[in-house]
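Keep the view open beside you as you read.

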Amino acid sequence: MPGSPCVPVPTWHAPAAGAMAEAHQAVAFQFTVTPEGLDLRLSREAVRQLCLAAAHAWKKRLVQAKNTFLSGVYPASPSSWVLVVMATAGSVYCQVDPSRGLITRIQHYLPQSRFLSPSGHEVLSAALFGTGVWLGTVLLFRRALRLLLTYHGWMFEPHGRLSRRTRVWMVMMKVLSFRKPLLYSFQTSLPKLPVPPVQATITRYLESVRPLMDNEKYNKMETLAKEFKETIAPRLQKYLILKSWWTTNYVSDWWEEYIYLRGRSPIMVNSNYYAMDFLYVTPSHIQAARAGNAVHAMILYRRKLDRGELPPLMALGIVPMCSSQSERMFNTTRIPGKETDQLVHLGDSRHVAVYHRGRFYRLWLYKGAQLLPPCDLQLQFQRILDDPSGPQPGEERLAALTAGERKAWAEARARFFSHGPNKASLDAIERAAFFVTLDEEAHGAAPRREGCMDAYAKSLLHGRCYDRWFDKSFTLVVYSNGKLGANAEHSWADAPVIGHLWEFMLGTDRFELGYTEDGHCKGEPNTMLPPPQRLQWNIPEECCAAIERSYLLARALAEDVDFHVFHFSDFGKGLIKRCRTSPDAFIQISLQLAHFRDKGQFCLTYEASMTRLFRDGRTETVRSCTAESTAFVRSMADPAQSRAERQRLFRLAAEKHQLMYRLAMTGAGIDRHLFCLYLMSRYLGLQSPFLAQVLSEPWRLSTSQTPQQQLNMFDLNKFPDHVSTGGGFGPVADDGYGVSYMIAGENLINFHVSSKFSSPETDSKRFGRHIRQAMLDVAELFDKPK
């Protein structure tokens with residue numbers, strides 16, 4: 001009605017005390033429509049906070065621009081430019097022309113200015129010439145660095161015996177990378193992943209499947225391979241080489257899209273993976289305190305990431321690995337689509353989304369431009385824990401939509417979350433830095449509780465199917481007893497990348513931030529902070545029905561997962577090295593022996609290796625089941641074989657495994673090349689029975705090693721009880737096993753074994769017992785000390 005006041009409605013109405021005050025602080029102004037016109041009332045504090053936030057954003061852009069420049073001219077620096085320009089200008093002043101006439105020609109083309117004297121023009125010309133010389137030198141150094149990084153002979157050198165060629169290469173690498181690099185300093189110098197020759201890939205593939213096939217099946221596969229090689233393979237290879245010319249990595253974009261984003265099945269269990277807390281230590285048993293320190297440490301990591309202050313991972317201390325996967329660690333969400341999902345990454349996010357007892361919250365991480373200290377974050381988390389309000393209708397199991405079929409989630413998202421309060425609340429979750437779950441359960445290692453680690457793993461992998469937001473880049477889980485864990489979405493990066501963040505967080509939490517004697521975060525909290533915002537939902541019955549369908553599907557999937565986590569402490573990498581082999585080869589061969597004892601047969605085995613020596617590299621497959629490893633396993637089952645013969649066969653198997661691993665890391669793997677050839681054939685409308693057969697073969701044993709001590713933030717010898725438990729993943733095949741392992745120090749190896757209860761062929765605990773016995777039996781061949 002004319003003349004009636006119209007007050008703007010806040011975007012949310014929190015039931016907790018103090019919520020209306022926070023709603024007013026969320027906007028910079030309020031207005032009222034009166035007969036006299038529009039009455040504006042500015043909030044000075046709100047405007048101040050907006051200005052501080054804007055200043056923070058501009059400061060971040062300037063830092064990023066500076067780091068982009070510094071990374072772009074690495075290994076040179078701005079100070080080297082100043083020295084070159086000063087030297088050039090000084091030589092001109094001394095009437096010495098180092099340019100052989102170029103400075104004079106540059107001066108001739110410069111426009112005349114009344115503000116510059118003739119000598120000033122000459123100095124300016126000399127500065128421009130010096131800048132050109134400096135830029136040319138930078139390009140030359142970066143080109144030389146890129147050529148040096150294409151050399152991978154160091155990886156194939158015998159341990160402790162480097163060739164003269166490798167020693168010269170190492171000296172040149174140290175000369176060209178003498179300056180401390182930023183995170184992305186080497187990115188443009190990294191070589192591209194090479195496309196292997198088709199003949200070499202097919203030969204290695206046939207060699208890998210020979211021990212798994214009888215003569216009839218192998219001859220058939222050999223015929224299909226020969227037909228493929230002689231018909232469409234050359235054409236597919238040419239297109240693939242052409243793709244490698246115009247992309248930074250011929251595999252990674254297709255791998256991300258077709259292996260992850262186009263998958264329509266649930267990502268919970270099938271794709272996402274988890275990471276665990278310290279094995280023996282819990283720095284604080286206060287849930288809100290542990291959450292405060294952990295979140296603060298993660299945002300400190302994000303700040304270092306944004307500023308490029310983290311050094312890149314370096315093999316041998318001189319060979320950089322690609323850092324591109326780190327770019328989407330924070331502020332990233334997988335958005336569902338009917339045919340394919342997409343990853344949405346924001347430049348910044350100033351809040352986290354929090355879930356507790358069926359309620360969702362937005363928790364701001366900053367006050368103005370200042371990051372909240374851990375004690376303030378503890379206060380905010382405690383406010384959430386103390387909130388007595390219950391879930392809104394449909395809110396409690398809302399996140400089950402992210403655990404179900406992707407198409408169903410995309411349809412529900414478009415229909416029920418595209419407008420109104422549902423869209424605003426969903427935006428708050430999807431635009432968060434990451435997701436936090438304050439879990440009501442208690443988990444972790446307990447000496448007298450059998451199966452506690454199995455329950456811990458299942459909780460992190462799938463929880464209750466509605467208390468993790470599986471689409472976020474990662475969900476931080478904080479249990480009621482202070483234990484931590486994480487569930488990570490897989491499409492944006494691989495496990496070592498999230499492992500880097502996880503190590504930083506644990507080390508910072510325990511050794512830098514610390515706690516008071518009674519377990520609280522250090523410092524005095526600011527009680528004047530507005531409480532976290534309760535997200536509001538208006539979920540209709542049709543949406544509730546969609547949530548329930550996704551939940552029932554996800555729960556059936558979760559209940560079928562059989563997990564067994566155990567700690568092998570009979571020995572670790574210390575004894576394995578005395579066997580004169582790599583710890584990874586030792587464990588992989590032991591897994592082959594365990595699998596043969598478990599199922600009475602061999603199977604196609606997947607071991608993940610990284611290709612981050614190349615730009616935008618992700619992973620490659622090491623086919624760990626080889627003719628050499630099967631020969632050793634059979635010798636262990638043959639009582640007529642002597643110990644010396646078994647040792648000989650083991651060493652052959654270990655050498656072959658190390659060769660396969662090195663080939664995979666240096667771009668000469670099998671599976672990514674065949675995968676891309678298959679996709680190219682589909683794009684061109686060509687049929688290949690060989691490629692179709694290769695891509696349909698199941699991986700009944702899927703394995704991965706979890707990296708340890710990537711950052712070396714503390715000394716494990718000094719703090720042996722601060723080993724990490726590692727992480728794991730769900731089974732890849734319905735009738736197979738998933739095995740993750742972490743070599744945690746000299747005398748401990750953590751194993752995470754997964755399978756499905758629905759398969760009569762598998763049993764995770766049984767397989768765990770076989771792994772333990774296989775490790776002991778292999779070690780006994782080399783006189784394991786008592």
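**A tour of two sheets**

Five bridges link strand β17 (residues 605-610) to β18, and the two run antiparallel. Within that pair, Ser 609 sits opposite Glu 620 of β18. Two words need their cut-offs here: strands (E, at least two residues) and helices (H or I, at least four) are DSSP runs numbered from the N terminus, and two strands pair if DSSP finds at least two bridges between them. Before going on, please note that this is a predicted model, in which local features need pLDDT of at least 70 and side-chain atom pairs count only at pLDDT 80 or more, while totals for chains, interfaces and linings use all residues. Residues are numbered from 1 along each chain as its sequence is written, and side-chain values use heavy atoms, with hydrogens and water left out.

Now for the sheet around that pair. β17 and β18 belong to an open sheet of six strands with mixed pairing, in the order β16-β22-β21-β19-β17-β18. At its edges are β16 (561-568) and β18 (619-623), each of which pairs on one side only. Neighbouring strands of this sheet are turned by 20° against each other on average, direction ignored. Helix α19 (residues 583-599) packs on the sheet, touching β17, β19 (701-705), β21 (737-743) and β22 (749-756), and its direction makes about 150° with that of β21. Helix α24 (residues 764-780) lies across β16, β19, β21 and β22, running at about 25° to β16. Axes are lines fitted to C-alpha atoms, for helices over the stretch in contact, and angles run from 0 to 180 degrees between N-to-C directions.

Let us turn to another sheet. This open sheet has eight strands in the order β15-β9-β8-β12-β13-β14-β3-β20, again with mixed pairing. Its edge strands are β15 (533-534) and β20 (727-729), each pairing on one side only. As a reminder, strands of a sheet pair through backbone hydrogen bonds, either parallel or antiparallel. Helix α12 (residues 374-386) lies across β8 (351-356), β9 and β12 (435-438), at about 160° to β9.

What joins β3 to its two neighbours? Four bridges join β3 to β14 in an antiparallel run, and Met 276 stands opposite Gly 485 of β14. Three bridges join β3 to β20, also antiparallel, and here Ala 275 stands opposite Gly 727. In a regular strand the side chains alternate between the two faces of the sheet. Both faces of β3 are covered, with Tyr 273 and Ala 275 on one side and Tyr 274 and Met 276 on the other, all of them buried. Buried means under 20% relative accessible area, exposed over 50%, and partly exposed in between (1.4 Å probe, protein chains only). Helix α15 (residues 452-461) lies across β3 (273-276), β13 (474-478), β14 (484-488) and β20, running at about 130° to β3.

A few backbone details deserve a stop. Cys 465, in the loop between α15 and β13, has a phi near 75°, a positive value in a residue other than glycine. Is Cys 465 buried or exposed? Cys 465 is buried, with a relative accessible area of 2%. Leu 316, in the loop between β4 (314-315) and β5 (319-320), also has a positive phi, near 60°, but Leu 316 is exposed at 52% relative accessible area. A cis peptide bond joins Tyr 74 and Pro 75, with omega about 15°, and Pro 75 lies in the loop between α2 (44-72) and α3 (78-93).

The structure holds eight cavities of 30 Å³ or more, and about 100 Å³ of space lies in the largest cavity. A cavity is a set of points on a 1 Å grid over the protein atoms alone where a 1.4 Å probe fits but cannot get out, and lining residues have an atom within 4 Å of a point. Grid points are joined across faces, edges and corners, and a volume is the space filled by probe spheres set on the points. Helix α16 (residues 495-513) gives the largest share of the lining of the largest cavity, three residues. Among the residues lining this cavity are Leu 183, Tyr 301, His 500 and Arg 612.

Technical notes
Contact means heavy atoms within 4.5 Å. On a 1 Å grid over the protein atoms alone, a cavity is a set of points where a 1.4 Å probe fits but cannot get out, and a pocket is an open set with protein on both sides within 12 Å along at least five of seven lines; lining residues have an atom within 4 Å of a point.
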